[in-house]
Amino acid sequence: MRFPLSMTAGMAGYILKNKMWPRPEWQKDAASGSVAGNPFRILPSRGAEALKRQPHPMIRKRFPLVLMLEPLHACNLTCTGCGRIREYESTITERVPLEECLAAVDECGAPMVSICGGEPMMYPQIGQLVAGILERNKNIYLCTNGMFIRKRLSEFRPDRRFFFNVHLDGLEKTHDLCVEREGVFREAIEGIKAAKKAGFLVCTNTTIYKETDMKEIEALFEYLEQFDVDGHQLSPAYGYSAVDDREIFMTREDIHEKFKDVDRLFRRFRLNQTPMYLEFLKGDRDLPCTAWGNPTYNVKGWKGPCYLITDGHYKTFEDLMTQTDWESYGHGNDPRCEHCMTHCGYEPSAALGINAKLADSFRMLTWALR
Ligand code: SF4
Ligand code: SF4
């Protein structure tokens, strides 16, 4: 990923500041057994198991790294693995007003905003939203299926802090199967070409399912090289409770197997995941979930505990931070988290240096400079 160095340095400074001086209003623990608490919590027993679940000290310094902003849940597609369009079916026609989106950006203060959905390019004021977030000196990923890039490109201005993040789950045939419509891959590629030609930064986001052939992903990245794409993100699919088809999702063991050769991809292409998170995916490192690092805001408010599962929506960001019983989530604490290794729960843990090894700082530096 071609992150501008100022962006990487800004993020490092933000993390250091919040580690040294965590904001006290976000560190209060939720009352145990509160109504907003997790009904699926696994209660720790005495002995070794309980000790194993002792949280890492860093987990008690909570602050957001990336805001997942969902201005709407409507979409022009109906992808097989999409939990959003199913979970929010009853509010699918609603939108978060522009001012409210920007207020959420201010309230949470994360240095990076991932605009997702639904299909955010269907949001009427998407150009104004991006401009408003850039005015606040934030970095932006605009996650899109790519179908409307050409149509709406003139509403944006290139900026070194703004990336189109185009969803591609494989080469043409595979991708069109995943999104259940022919022609989507081609239009997304046309969108990537148009955006690059106009001077925008463009990266891609690929979900890895049980059936994904990693050789095809390598072929996809090779194919994208001709367009000078600025980076790639890989995410293991997560089995949303809102999605019926459990067959397409992976266990932790499946994920380790799928990512065992990811180093080869990492050496050849610009992957935007940290080396530590990739080690976690390969099964070479343990990380705890730090879902508070990637909070989600949408039409119902602040979604807790995470982008993936919903036990409540909160009115304020502080409510999300202080009324969520964070320690009852993550691998070993909640059966719904058992096989989750997604970036929104675990990439913040890697970036925050939880369970760090001696060589990590050097690896982070070389990754950022690469
Ligand atoms: S394009 Fe994205 S939001 Fe739309 S259905 Fe597919 S995964 Fe869901
Ligand atoms: S482990 Fe995954 S599903 Fe569970 S809280 Fe963390 S991010 Fe959410």
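1. Start with K260, which sits in the loop between α10 and α11 (262-268). In this predicted model, K260 has a relative accessibility of 46%, so it counts as partly exposed. Its side chain makes a polar contact of 2.6 Å with the side chain of E257. K260 also has E279 to look at: the two are 19 residues apart along the chain, and their C-alpha atoms are separated by 9.0 Å.

2. Helix α14 (residues 343-351) is mostly covered, with eight of its nine residues buried. Those buried residues are H343, C344, G345, Y346, E347, P348, S349 and A350. What lies over them? The cover for the buried residues of α14 includes β6 (232-236), α10 (252-258) and α12 (275-282). After the helix comes G353, with a positive phi near 80 degrees.

3. Ligand 2 next. Around it you'll find Y238, C289, C306, L308, Y329, G330, C337, C340, G345 and Y346. How many charged residues are in the shell around ligand 2? There are no charged residues in that shell; eight are nonpolar and two are polar. As for where it is, ligand 2 sits in the largest cavity.

4. N76 is placed in the loop between β1 (66-69) and α3 (84-87). Is N76 buried or exposed? It counts as buried, because its relative accessibility is 18% and the cut-off for buried is under 20%. Setting aside its neighbours within four places in sequence, N76 is in contact with E119, M122, N145, M147, F148 and R181.

5. The other one, G118, has something to check in its backbone. Most peptide bonds are trans. The bond from G117 to G118, however, is cis, with omega near 15 degrees.

6. P305 is found in strand β8 (residues 301-305).

7. Two residues deserve a look for their phi angles. Most residues other than glycine have a negative phi. N137 isn't a glycine, yet its phi is positive, near 65 degrees. N137 lies in the loop between α5 and β3 (139-144), and it is exposed, because its relative accessible area is 58%. E180 is not a glycine either, and has a positive phi of about 60 degrees. E180 lies in the loop between α7 (172-178) and α8 (184-197); with a relative accessible area of 46%, it is partly exposed.

8. P24 counts as exposed, because its relative accessibility is 60%. P24 and R62 are 38 residues apart in sequence, and in space they are 9.3 Å apart, C-alpha to C-alpha.

9. Last, the overall picture. The protein's secondary structure comes to 15 helices and nine strands. How many of the 370 residues count as buried? The figure is 56%. On the contact side, take the pairs of residues at least 6 apart in sequence: 77% of those contacts join residues at least 24 apart.

Note on methods. Residues are numbered from 1 along each chain as its sequence is written. Chains are lettered from A and ligands numbered from 1 in the order in which they are written. This is a predicted model: local features need pLDDT of at least 70, side-chain atom pairs count only at pLDDT 80 or more; totals for chains, interfaces and linings use all residues. Side-chain values use heavy atoms; hydrogens and water are left out. A residue is near a molecule or strand if one of its heavy atoms lies within 4 Å of it. On a 1 Å grid over the protein atoms alone, a cavity is a set of points where a 1.4 Å probe fits but cannot get out, and a pocket is an open set with protein on both sides within 12 Å along at least five of seven lines; lining residues have an atom within 4 Å of a point. A molecule sits in a cavity or pocket if more than half of its atoms lie within 2 Å of its grid points. Ala, Val, Leu, Ile, Met, Phe, Trp, Tyr, Cys and Pro count as nonpolar, Asp, Glu, Lys and Arg as charged, and the others, Gly among them, as polar. Helices (H or I, at least four residues) and strands (E, at least two) are DSSP runs, numbered from the N terminus. Buried means under 20% relative accessible area, exposed over 50%, partly exposed in between (1.4 Å probe, protein chains only). Contact means heavy atoms within 4.5 Å. A polar contact is a pair of N or O atoms within 3.5 Å; within protein, one must be able to donate a hydrogen and the other to accept it, and residues adjacent in sequence count only if both atoms are side-chain atoms.
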